Amino acid sequence: MDTFDMLKTLCDARGVSGSETAVRSAAASLLAPLGPVEVTPLGSLLCHVVPAADNGPRVLLDAHLDEVGFVVTAIDDAGFVKVAPVGGIDKRLLPASQVVISGSQPVFGVIGCLPPHLSGMKGYEEIPDIDKLYIDTGYDREALQELVSLGDRASYRTELQQLLGSRVSGKSLDDRAGCVVQLLAAAQIKAATPAGVGVDLLLSSLEETGEQGAKTGAFGADYTHAVAVDVSFGMSPGCDADKCGELGKGPMIGYSPILDHDMYCTFCALAQKQGIPYQPEIMGGLTASNADAIAVSRAGVRTLLVSVPQRYMHTPVEVVDLQDIEHTAALIAAYVSQLTQ
């Protein structure tokens with residue numbers, strides 16, 4: 001299975017935070033060739049790729065499985081569905097977006113709202129808040145209540161598509177792109193049969209709602225090093241260039257007070273040595289990723305965040321470059337290999 005096929009398998013599966021069953025099943029099948037897999041109490045997947053050696057480094061590779069989405073809060077008398085956001089939603093693309101509600105069976109719908117002259121909005125330039133939006137499924141209230149319950153999750157109804165060159169677009173590339181990075185890296189590490197270093201791969205739950213999957217998954221073993229992979233902001237119109245990476249220019253290597261400085265320097269040096277393009281990502285505090293939770297697990301873990309540049313985060317049309325995914329995986333594998341030397 002190539003990089004695109006792996007990514008499509010994960011991205012097309014539904015997995016809004018706290019309801020990751022479908023994507024967890026898809027990910028488990030991809031993890032199976034890498035080693036024994038267990039499901040943690042909070043629904044993360046933990047794969048033991050290389051057994052730990054006595055007194056040797058023990059490395060945790062992490063990426064999160066969950067995606068942003070919605071939770072059903074009410075069904076009104078006309079059968080329209082009210083929702084609340086799960087995670088940070090970019091509301092600018094919500095009107096007319098297609099969604100699927102994971103009820104007793106998949107229920108498809110379209111997000112809509114009252115027009116400005118009826119809702120009191122100032123005009124079509126104003127973006128309605130999520131509490132002003134409804135999902136129209138075409139069902140009346142009585143029929144819909146047989147299919148959908150309060151608390152059911154809704155996610156974007158988009159499939160991963162190939163764009164020009166090596167770019168792809170779809171939902172939940174945050175952070176299924178990171179999951180594929182770690183799957184590729186783990187396969188390269190396992191093929192190299194490193195001596196003296198243990199490697200676990202954690203595909204964690206609940207990142208979008210507080211990083212609980214990573215907090216608890218990292219606590220289960222005494223890891224000495226960790227590499228978290230997420231997406232970060234790729235340059236697009238209207239963005240500040242000094243706050244964004246560029247698609248196709250390689251992984252964004254995180255530099256932050258909470259991240260390990262020596263690991264940052266080693267990753268940069270390895271990228272130069274291996275001819276892997278990379279981009280520094282400078283942050284003045286927390287990283288807003290699982291790296292923050294993993295770094296303070298137990299007595300502390302030396303942790304680095306490496307990110308895949310992505311456009312249009314938390315929308316149904318996120319965009320990444322497959323080459324960035326593959327370069328990030330190669331860099332992580334090179335890092336783990338040098339730990340054994």
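How many of the 20 residues of H5 are buried? In this predicted model, for which local features need pLDDT of at least 70 and side-chain atom pairs count only at pLDDT 80 or more, totals for chains, interfaces and linings use all residues. Residues are numbered from 1 along each chain as its sequence is written, and side-chain values use heavy atoms, with hydrogens and water left out.

Helix H5 is mostly covered, 15 of its 20 residues being buried, where buried denotes under 20% relative accessible area, exposed over 50%, and partly exposed the range in between (1.4 Å probe, protein chains only). Helices (H or I, at least four residues) and strands (E, at least two) are DSSP runs, numbered from the N terminus. The end C-alpha atoms of H5 (residues 173–192) are 28 Å apart, in agreement with the 28 Å that its 20 residues should span at 1.5 Å a residue, the expected span being 1.5 Å times one less than the number of residues. Aspartate 175 is placed in H5, and the peptide bond that joins aspartate 174 to aspartate 175 is cis, with omega of about 10°. Just after the helix, threonine 193 takes a positive phi of about 40°. Most residues other than glycine have a negative phi, and most peptide bonds are trans.

Positive phi values occur in two loops as well. Glutamate 211, in the loop between strand E12 (198–204) and helix H6 (212–219), has phi near 70° and is buried, with a relative accessible area of 14%. Alanine 288, in the loop between strand E15 (279–282) and helix H8 (290–295), has phi near 60°, but this residue is exposed, with a relative accessible area of 62%.

Strand E4 (residues 69–75) is largely enclosed by the rest of the structure, because five of its seven residues are buried. Strands pair if DSSP finds at least two bridges between them. Six bridges join E4 to the antiparallel strand E5 (residues 81–86), with valine 71 having alanine 84 as its bridge partner in E5. These two strands form a hairpin with five residues between them, and glycine 79 in the turn has a positive phi of about 95°. E4 is also joined by two bridges to strand E9 (residues 153–156), again in antiparallel fashion, and phenylalanine 70 stands opposite alanine 154 of E9.

A separate description applies to the open sheet of three strands, which has the order E10-E11-E17 with antiparallel pairing. Its edge strands are E10 (161–162) and E17, each of which pairs on one side only. Four bridges join E11 (residues 167–170) to E17, and valine 168 stands opposite valine 320 in E17.

Aspartate 321 caps the N-terminal end of helix H9, a side-chain oxygen lying 2.8 Å from the backbone nitrogen of glutamine 323. The 18 residues of H9 (residues 322–339) should span 26 Å at 1.5 Å a residue, which agrees with the 27 Å between its end C-alpha atoms. Buried residues of H9 include Leu322, Ile325, Leu331, Ile332 and Val336, and Asp324 is also among them.

Valine 317, in the loop between strand E16 (302–310) and strand E17 (318–321), counts as partly exposed at 35% relative accessibility. Together with Leu93 and Tyr312, Val317 makes a nonpolar surface patch of about 230 Å².

Key:
Patches are made of residues with over 30% relative accessible area and no salt bridge: like charges are joined within 9 Å, nonpolar side chains (Val, Leu, Ile, Met, Phe, Trp, Tyr) within 5 Å. Accessible areas come from the Shrake-Rupley method with a 1.4 Å probe; for residues, only the protein chains shown count as cover. A salt bridge is a side-chain nitrogen of Lys or Arg within 4 Å of a carboxyl oxygen of Asp or Glu. A polar contact is a pair of N or O atoms within 3.5 Å; within protein, one must be able to donate a hydrogen and the other to accept it, and residues adjacent in sequence count only if both atoms are side-chain atoms.
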